[in-house]
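Keep the sequence and the 3D view at hand while reading.

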Amino acid sequence: MTNDKTTKGGLIAVAICLIAAACLAIFGNSSQRLQEPARQQPSSDDSDALRKAVMREGLRGAAKLRGNYVAEINPHWDWGRFDLEGLTKGSTAVVGGRFTKKMESRLGSQGMLIYTNYEFSVHEVIKGGIKQDETIVVRLPGGRVSFEDGTSAEQTTPTFEHPQIGRSYTLFLMKSESVPSVFFLSGGPQGMFDIEDSAGVKSHGLPDDLTAIETKGKSRDAFMKSVREHGKKWPQPGKCCGG
């Protein structure tokens, strides 16, 4: 990962193209690495067969080989970490509300990544064209899919905690022209904050992400005040993130 506070225009454009090509591996697929859990300890021959299966048919091929294939992914961006203002500026929308439903998990268009959709009820619109009380769909990395032949593939996210239904969150969101019906988190997990506890907010980014450092120990009111101020300063939709 870089330590840049914001990512310059050229890098942003390149990164966004890469993200779109991978169907926005949630928000930024720059660092997603597939790793089989250590407990499986495949042999070299087995690993070679697995690689060939994935190259041919993606996760579906891995599932055919293993029956029930499980791998870990790292959804955190490795090409940029952003402060709160940069994240707000670069987002298409910034909203507060609650996750209300965990929906189906889906295989990405290239067959290499799994996503899970969530319904999110918007209670406050800080930035963007979303309407208050509207329900939107937010797509997050990871999940489990089953195939017609009875096999399955699962991708877990040990370093990214998925949201809890019914809790309050503030989300920094972006969209992709290739998947216009859903939103993705700006900056990857950096774009999600649990604000259920009025005494403090919880960043879902890495502990050393700039937003996590900036908001550590902040009360919900102080955090929301900062976000609203940034939203007024940068009301136009951005191209995630910074710049």
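Strands S7 and S8 make a hairpin, with two residues between them. The model is predicted. S7 covers residues 168-176 and S8 covers residues 179-185. The points below follow S7 through its pairings and then turn to the cores.

**Pairing of S7**

- S7 and S8 run antiparallel and are joined by three bridges.
- Within this pair, Met-174 has Phe-184 in S8 as its bridge partner.
- S7 also runs antiparallel to strand S2, residues 93-107, with six bridges joining the two.
- On that side, Thr-170 in S7 stands opposite Gly-96.
- Strand S9, residues 192-194, pairs with S7 in the antiparallel sense over three bridges.
- Here Leu-171 has Met-192 in S9 as its bridge partner.

**Burial**

- S7 is mostly covered, as eight of its nine residues are buried.

**The nonpolar cores**

- The largest nonpolar core has 19 residues, and those touching the most other members are Leu-84, Phe-172, Phe-193, Ile-195, Phe-223 and Val-227.
- At least two residues of this core come from each of helix H3 (84-90), strand S7, strand S8 and helix H5 (220-233).

**Contacts of Phe-193**

- Beyond its neighbours within four places in sequence, Phe-193 is in contact with several residues, among them Leu-84, Leu-87, Phe-172 and Phe-223.
- Its contacts also include Ser-168, Tyr-169 and Thr-170, as well as Lys-202, Ser-203, Thr-211 and Thr-215.

Terms used
Residues numbered from 1 in each chain as written. Predicted model: local features only at pLDDT ≥ 70, side-chain atom pairs only at ≥ 80, totals over all residues. Heavy atoms only, no water. Core = buried A, V, L, I, M, F, W, Y, C linked by side-chain atoms within 4.5 Å. Buried < 20%, exposed > 50% of the residue type's maximum accessible area, 1.4 Å probe, protein only. Helix = DSSP H or I, 4+ residues; strand = E, 2+ residues; numbered from the N terminus. Contact = heavy atoms within 4.5 Å. Pairing = 2+ DSSP bridges.
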